[in-house]
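Please keep the sequence and the structure in view while reading.

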Amino acid sequence: MPKAEAAFTHSRSMLQSAFAYFRPSLGESLVFFRFRPLFSTAFVLVWLGLSVFSQTPAPSPTPATGPRTSQSPTALPTPKGGAALSAEQVAEATILFYGYPAGRVTLNQIRKTTQERGRAKVTTAEGKLEDVPYQRFVIRAESLDKERVRLDQEFPNARFSLVKADDKIFGLYNNTVFAPRDDASKTFENQLIHGLEALLRYKENGSTLELVGREKHMGVEYYVLDVTDKLQRKTRFFISVKSFRVMMLNYEADGVKYRRKFYDYNYAQGTLVPFRTVLWADDKLVEETEVGTITFGQKVDEELFKAG
């Protein structure tokens with residue numbers, strides 16, 4: 001459809017965004033959560049220590065002996081009992097705090113569906129920032145490759161949607177179905193496979209983990225954890241040693257190096273979420289997203305994910 005394709009081509013630079021994170025509702029913050037950062041690390045180390053030493057017999061984890069990166073990260077921290085944290089322990093501790101108190105069980109129970117609304121500042125091809133309202137709908141699946149996701153974006157002259165369902169991606173322009181350009185489809189897909197869920201659901205996705213080491217950036221220490229999915233797509237996560245929160249991730253796609261940072265963490269329906277994110281492509285700011293409202297577990301109309 002020439003008209004739809006021309007309009008989409010004109011605005012395809014807007015489709016660089018992944019509006020995937022959530023702002024908490026007022027009144028959901030509990031006193032327990034306010035004080036959690038004060039003892040989060042100690043709790044996790046005790047929890048990890050129990051998971052390591054309560055099994056009888058159980059060999060102690062062996063630190064990796066492979067080649068180190070050129071950045072030469074510092075040695076991994078050692079919890080009580082003398083056992084070094086493994087990649088799986090770091091990942092599981094992170095999942096625990098995103099879905100406290102039961103980790104992935106809590107996340108699976110609460111986040112069966114997602115309805116999210118907010119605004120994003122997107123860099124156009126001309127280098128200008130444009131404010132774009134958006135809506136995002138998700139029906140959770142057992143793994144990310146089966147996830148159904150719809151992203152609606154409202155531009156001054158049109159409303160665009162990108163939909164992922166049944167192992168394919170298609171577009172909607174003013175309710176007319178069209179095939180997105182390959183670069184737009186890949187960008188949309190990258191936002192799904194290189195997001196927080198790649199770590200939080202690494203087991204369900206059949207991904208592998210590698211703990212690269214520990215690094216310090218701007219005075220903050222991070223575990224550096226690589227998550228590689230079954231198609232060998234790698235995302236590197238920078239997880240705070242103090243809070244086990246993901247503060248940054250990076251990945252490379254089609255020769256472009258992306259970096260996403262997460263800000264303003266809080267709790268939405270008991271699960272930990274950032275409600276402000278910033279994305280760079282080759283050190284160029286391309287998107288800044290702020291969530292207005294977020295609801296988990298409410299009914300999402302399955303017709304939203306059908307073409308026509």
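Q: Is strand β9 largely enclosed by the rest of the structure or largely open?
A: This is a predicted model, in which local features need pLDDT of at least 70 and side-chain atom pairs count only at pLDDT 80 or more, while totals for chains, interfaces and linings use all residues. Residues are numbered from 1 along each chain as its sequence is written, and side-chain values use heavy atoms, with hydrogens and water left out. A residue is buried under 20% relative accessible area, exposed over 50% and partly exposed in between (1.4 Å probe, protein chains only). Six of the seven residues of β9 are buried, so this strand is largely enclosed.

Q: Which residue of β9 is the bridge partner of Y223?
A: Strands are DSSP runs of E with at least two residues, helices are runs of H or I with at least four, and both are numbered from the N terminus. Two strands pair if DSSP finds at least two bridges between them; β8 and β9 do so in the antiparallel sense over seven bridges. They form a hairpin with five residues between them, and Q232 in the turn has a positive phi of about 65 degrees. Within this pairing, the partner of Y223 is I239.

Q: Which residue of β10 stands opposite I239?
A: β9 and β10 pair in the antiparallel sense over four bridges. They form a hairpin with five residues between them, in which F244 in the turn has a positive phi of about 60 degrees. The residue of β10 opposite I239 is V246.

Q: How many of the 12 residues of α3 are buried?
A: The expected span of a helix is 1.5 Å times one less than its number of residues; α3 reaches 17 Å from its first C-alpha to its last, close to the 16 Å expected. Its buried residues include A87, V90, T94 and Y98. Helix α3 is largely enclosed by the rest of the structure, because the number of its residues that are buried is 11.

Q: What kind of aromatic pair do Y222 and F238 form?
A: Rings of Phe, Tyr and Trp (its six-membered ring) pair if their centres lie within 6.5 Å; planes under 30 degrees apart count as stacked, over 60 as edge-to-face and the rest as tilted. By this rule there are seven aromatic pairs. For Y222 and F238 the centres are 6.3 Å apart and the planes are at 90 degrees, so by the cut-off of over 60 degrees the pair is edge-to-face.

Q: Is L209 buried or partly exposed?
A: L209 lies in strand β7 (residues 208–217). Contact means heavy atoms within 4.5 Å, and leaving aside neighbours within four places in sequence, L209 is in contact with residues including A87, Y202 and L225. Its relative accessible area is 23%, and L209 is therefore partly exposed.
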